[in-house]
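Keep the structure open next to you while you read.

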Amino acid sequence: MPFALPPPAPRAVTRRALLAAAVALPALASGRGPVRLRFSHVVAPDTPKGRMALHFQALVHERAGDRLRVEVHPDSQLWGDDDEIEALRLGAVEMLAPSLSKFGMAGVPEFEVFDLPYLFSEAAQVRRVTEGPVGQALLRRLERQQVLGLGFLDNGLKHMSAQRPLRRVADFAGLRVRVQASRVIEAQWRALGAQPVVLPFAETRRALASGVVNATENPLSNFLTQGLASVQPQLTLTGHGYLGYAVVTNPRFWASLPMADQRLLTDALRAALAQGNRWAAELDRDALLALQRQTGVAVHQPSEAERDGLRRALRGVSQMVERGPQGQWLKDVRAALLAK
Ligand code: LMR
């Protein structure tokens with residue numbers, strides 16, 4: 001079945017973001033007093049992103065004392081999926097690390113290439129792309145949307161959960177699945193016969209508990225820390241897609257910092273991201289053990305034949321991207337994966 005991507009939905013400027021913008025300008029470094037750098041994210045502190053943000057905060061404190069004050073706001077406490085990028089553009093927060101999937105709807109659809117099912121077989125492979133010229137070119141694309149990209153961070157491979165195991169294509173029929181707002185992810189679920197429902201991360205557990213949706217996908221550390229096991233008793237280790245992040249800032253805020261502080265923050269972030277990637281691999285392994293030992297979740301490992309069945313059913317999604325406006329990006333990503 002052929003798939004066509006709908007045009008990105010225009011994003012409404014929320015009232016909350018507009019109000020926040022009214023008080024945002026003092027956040028620009030003025031040369032007087034300490035600089036406050038609010039780092040907002042949507043996941044729990046004990047995840048790759050949560051730990052990386054806290055490590056960055058500690059490194060900046062070590063190197064700059066109180067002169068540069070990083071404040072970390074986890075769990076969508078400050079901004080959530082619906083308004084965080086808008087809040088960044090308006091100067092109501094200085095740093096975010098949205099999942100790569102969330103930049104498509106923010107006007108940078110090139111990032112949706114990362115959502116393609118079965119493009120990567122392990123998170124470490126993604127670094128061949130993000131640490132090379134393709135990764136740098138993608139970060140530069142963000143500038144058109146008044147966002148400055150500073151680096152990439154892994155979480156891990158995504159798996160699927162529901163009230164039943166999801167091994168064969170027929171198992172997906174009729175599921176209502178919570179997804180991130182990515183057209184590639186939506187096409188993926190439709191190809192499997194399920195209905196994607198875009199919901200903010202912070203609302204996912206409640207929506208699963210109340211039956212608004214009855215399936216979802218995420219890496220293991222998010223399954224564990226969001227307590228999804230109690231509402232999704234069957235976890236299938238499909239490893240069908242990748243979830244990672246881009247750390248971004250407001251370009252006006254960044255330009256208002258002295259060069260020495262830009263360098264200090266860039267160095268601290270580079271160290272925090274390297275450590276964050278090591279934690280991502282570790283937390284992925286630990287989360288699987290914790291899910292198996294501490295929750296009642298049943299973990300299913302699809303056979304090679306079942307995996308192939310899913311892969312075949314999802315081939316149309318890759319073809320859709322190959323033929324669409326992001327086709328060249330996909331070629332470049334594949335070339336980076338093959339390069340020695
Ligand atoms: C999701 O919305 O499912 C995840 O991207 C959340 C995150 O930031 O890991």
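**Notes on the model**

1. Let's start with Glu304, which counts as exposed at 51% relative accessibility. For the wording here and below, buried means under 20% relative accessible area, exposed means over 50%, and partly exposed is what falls in between (1.4 Å probe, protein chains only). Glu304 meets the side chain of Arg307 in a salt bridge, at 3.7 Å from N to O. A salt bridge, by the rule used here, is a side-chain nitrogen of Lys or Arg within 4 Å of a carboxyl oxygen of Asp or Glu. Arg307 is a buried residue, with a relative accessible area of 14%. On the labels: helices (H or I, at least four residues) and strands (E, at least two) are DSSP runs, numbered from the N terminus.

2. A quick word on where this comes from. This is a predicted model, in which local features need pLDDT of at least 70 and side-chain atom pairs count only at pLDDT 80 or more, while totals for chains, interfaces and linings use all residues. Residues are numbered from 1 along each chain as its sequence is written, and side-chain values use heavy atoms, with hydrogens and water left out.

3. Back to the charges. Side chains of opposite charge can pair when their charged atoms come close. How many salt bridges does the structure hold? There are 17. One of them joins Arg127 to Asp154, with the closest N and O atoms 2.6 Å apart. Arg127 belongs to helix H4 (residues 123-130) and Asp154 to strand E4 (residues 148-162), so this pair ties together parts that are 27 residues apart in sequence. Arg127 is partly exposed at 25% relative accessibility, whereas Asp154 is buried at 3%.

4. Now find Glu306, which has a salt bridge to Arg168 with the closest N and O atoms at 3.1 Å. Which parts of the chain does the pair link? Glu306 lies in helix H11 (residues 304-313) and Arg168 in the loop between E4 and strand E5 (176-179), distant parts of the chain, 138 residues apart. Glu306 is buried, its relative accessible area being 14%, but Arg168 is partly exposed at 47%.

5. Next, the ligand. Among the 13 residues around it, Lys49, Lys102, Arg178, Asn222 and Tyr245 come nearest; a residue counts as near if one of its heavy atoms lies within 4 Å of the molecule. A ligand oxygen is 2.7 Å from a side-chain N or O atom of Lys49. For Arg178 the corresponding distance is 2.7 Å, and for Asn222 it is 2.9 Å. On its own the ligand exposes 270 Å², and the protein buries 100% of that (areas by the Shrake-Rupley method with a 1.4 Å probe).

6. You'll find Asn218 in strand E7 (residues 215-218), and its side chain has a polar contact of 2.9 Å with that of Asn222. Within protein, a polar contact is a pair of N or O atoms within 3.5 Å, where one must be able to donate a hydrogen and the other to accept it, and residues adjacent in sequence count only if both atoms are side-chain atoms. Is Asn218 buried or exposed? Asn218 is buried, with a relative accessible area of 4%.

7. The buried ones include Arg183, Glu186 and Trp189. Just after H6, Gly193 has a positive phi of about 85°.

8. Finally, two backbone angles to check. Asp75 has a phi near 55°, a positive value in a residue other than glycine, and Ser76 has a phi near 55° as well. Asp75 sits in the loop between strand E2 (68-73) and helix H3 (84-89), and Ser76 lies in the loop between E2 and H3 too. Asp75 is partly exposed at 33% relative accessibility, while Ser76 is buried at 17%.
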